[in-house]
Amino acid sequence: MKHARVAYAGSVHHAVSEHGQLRVDDGRLVSEASVIWLPPVVPSVILALGLNYADHARELSFAPPVEPLAFLKPRTALVGHLGQTRRPAGAVHMHYECELTVVIGKTARHVTRRHAYEFISGYTVANDYAVRDYLENYYRPNMRAKGRDEATPLGPWLVDALDIPDPMNLSLTTTVNGHVMQQGCTKDMIFDIPTLIEHFTSFMTLQPGDLILTGTPEGLADVKPGDEVVTEIAGVGRLANTIVEDWRS
Amino acid sequence: MPEVLPSGQSSPSLFALSDWQLRFSQREKSPSHPAQKTMISRRSLLYFTRGTETLQTTPILPAQRAPQACPHFAALAAPPDICDALVMPDAPRSVIGVALNFRETVHRLAASFNAPPYQHPPQAPVLYLKTPNTWINSGHPIHCPPGADRLRMAGTLGVIIASTACRVPAAHAHAFIAAYAVVNDISLPHDSFYRPALRERCSDGFCALSEPSPSAQTHFEIGVVINNVLRSVSNTSSLVRSISHLIQDISEFMTLLAGDIILVGEPETSPLAAPGDLVRVEIPGVGAIENKVVAA
């Protein structure tokens, strides 16, 4: 089943996909075009992976990491499907990153690889924009480059884990204005999902709704105001976002 | 030393509540009071723009502290959102730490900033998050993870944000402060600031927080006492970026919400503690917390 969080007719609802429409939790069947899409989950922890695909690490001239390189995002970083992301005034290079996102389903502490999938409620798509102008070599990738307001589109769906039999073999595609820019497959992750869950929960307890953005393959390019960026993962969802001008120069 | 919490106190209390907070909490209990209606209606005002939610706040209390010079920011600086900002520590919030923000530390490391891997001195504040799994109250044990024999105890000041703060100039930042907290920002000792220090900073129970306390002070003295021996004294007058400049520089790219907490920095003299040690952090005029380090 595919779940969404939407604003419809003046209030926030949980909804599920039903024959191309949305069944809202109060029973109404409404069109997808009639809602505002919100991030499908409200996490308290947003973990993201850097350099988790070997081709992407090469692209950025880094040796692949020997243990997961993870950073955190604030809750204000998320924005829903069909949302807008601001390109900061004066920025020279801002790029998208299509990422399979794991949603934790139950309290997870000291979870082993073998049992990791039992702690996943489902999957969604993230676009982990980076503004490279602000990268510094202190806690890199730093929050000013990666934790910016509304610069991490998420959604449209939370897809139940049962509906994704092999999350380690999904194709990822990013298009900009309809042109394919980035292609990859989740089988090329350096640290797979069970390894990541075992690693993180060895020292931090994760809660239902917490997110792990699992990294991105190669194929990065600069995006400009007006560009429509679509990050899509087979079976999980097609997440669209528009780059807009900064409203303060 | 000033008034402090009794040793080991961890339950929420009226400690350090100011007059206006007390008045408000009494109002909340009275169903007929108009303030409660205002509060309920305020909480229902959700706005949606471009797929994000904004809780639109309307004033309950007079905006006495709003600055006069800039009408735009004076209007934006809503009074402290008491219900959301001051429920410690479990309300949804971001707790944001700032590394390399005491002058003594920056002086010690200055020579290394121009060498690999850093290449240049930091331009923006060096930030990290303390995730909810790290939050504990005073009195709760600090678990020393397996494989570690010492933990760094950075006594610091937490600045609690009053209302939505987006791109706030430093000159108006104080209108966005609801209260302060005493914080023990715990970490596994580490020397490198190159990669995000997730395990070092975000292991379970690595952030002890006091009850919130309003304060009119402009500078705060921070003491760390281990087993009744004073081990560190620092003062926020030594910050590289002042509290106002932290609010400005962080809210430039990351909107701060009511209840978010900025930890102003790790004092250079932050001591280490081992299992068995009783660690007390005190900030005169704000409060104190006390936690015992135990083996995991």
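Predicted model: local features only at pLDDT ≥ 70, side-chain atom pairs only at ≥ 80, totals over all residues.
**Domains of chain A**

I looked up how far apart the two domains of chain A sit: the C-alpha centres of domain 1 and domain 2 lie 24 Å apart. Domain 1 of chain A covers 1–38 and domain 2 covers 41–245; the bounds come from an automatic or database domain assignment.

Residues are numbered from 1 along each chain as its sequence is written, and chains are lettered from A and ligands numbered from 1 in the order in which they are written.

Next I checked where the domains touch. Seven residues of domain 1 of chain A are in contact with 10 residues of domain 2 of chain A (contact: C-beta atoms, placed from the backbone, lie within 7 Å). Which strands supply at least two residues each to the domain 1 side? They are strand S1 (2–8) and strand S5 (36–38) of chain A; strands here are DSSP runs of E with at least two residues, helices are runs of H or I with at least four, and both are numbered from the N terminus. S1(A) gives the most to this side, with three residues.

I also sorted that side of domain 1 by class: four residues are nonpolar, two polar and one charged. For the classes, Ala, Val, Leu, Ile, Met, Phe, Trp, Tyr, Cys and Pro count as nonpolar, Asp, Glu, Lys and Arg as charged, and the others, Gly among them, as polar.

I followed S1(A) onward. Six bridges join S1(A) to strand S2 (residues 11–18) of chain A, and the two run antiparallel (strands pair if DSSP finds at least two bridges between them). I picked out A:Ala7, whose bridge partner in S2(A) is A:Val12. The hairpin of S1(A) and S2(A) has two residues between the strands, and A:Ala9 in the turn has a positive phi of about 50°.

S2(A) then pairs with strand S3 (residues 21–24) of chain A, antiparallel, over four bridges. Here A:Ser17 has A:Leu22 in S3(A) as its bridge partner. S2(A) and S3(A) make a hairpin with two residues between them, and I found a positive phi of about 50° at A:His19 in the turn.

**Where chain B meets chain A**

I counted 36 residues of chain B in contact with 36 residues of chain A. On the chain B side, the elements giving two or more residues are strands S1 (46–49), S2 (52–55) and S4 (126–129) and helix H6 (198–202) of chain B. S4(B) gives the most, with four residues. By class, I got 22 nonpolar, nine polar and five charged residues on the chain B side.

**Strand S14 of chain B**

Is S14(B) buried or exposed? Five of the six residues of strand S14 (residues 278–283) of chain B are buried, so the strand is largely enclosed by the rest of the structure. Buried means 20 or more other C-beta atoms within 10 Å of a residue's own, exposed means 12 or fewer, and partly exposed is in between, with C-beta atoms placed from the backbone.

S14(B) has strand S10 (residues 221–226) of chain B as an antiparallel neighbour, joined by four bridges; B:Val224 has B:Val281 as its bridge partner. Six bridges join S14(B) to strand S15 (residues 287–295) of chain B, also antiparallel.

How values were computed: Contact = placed C-beta atoms within 7 Å.
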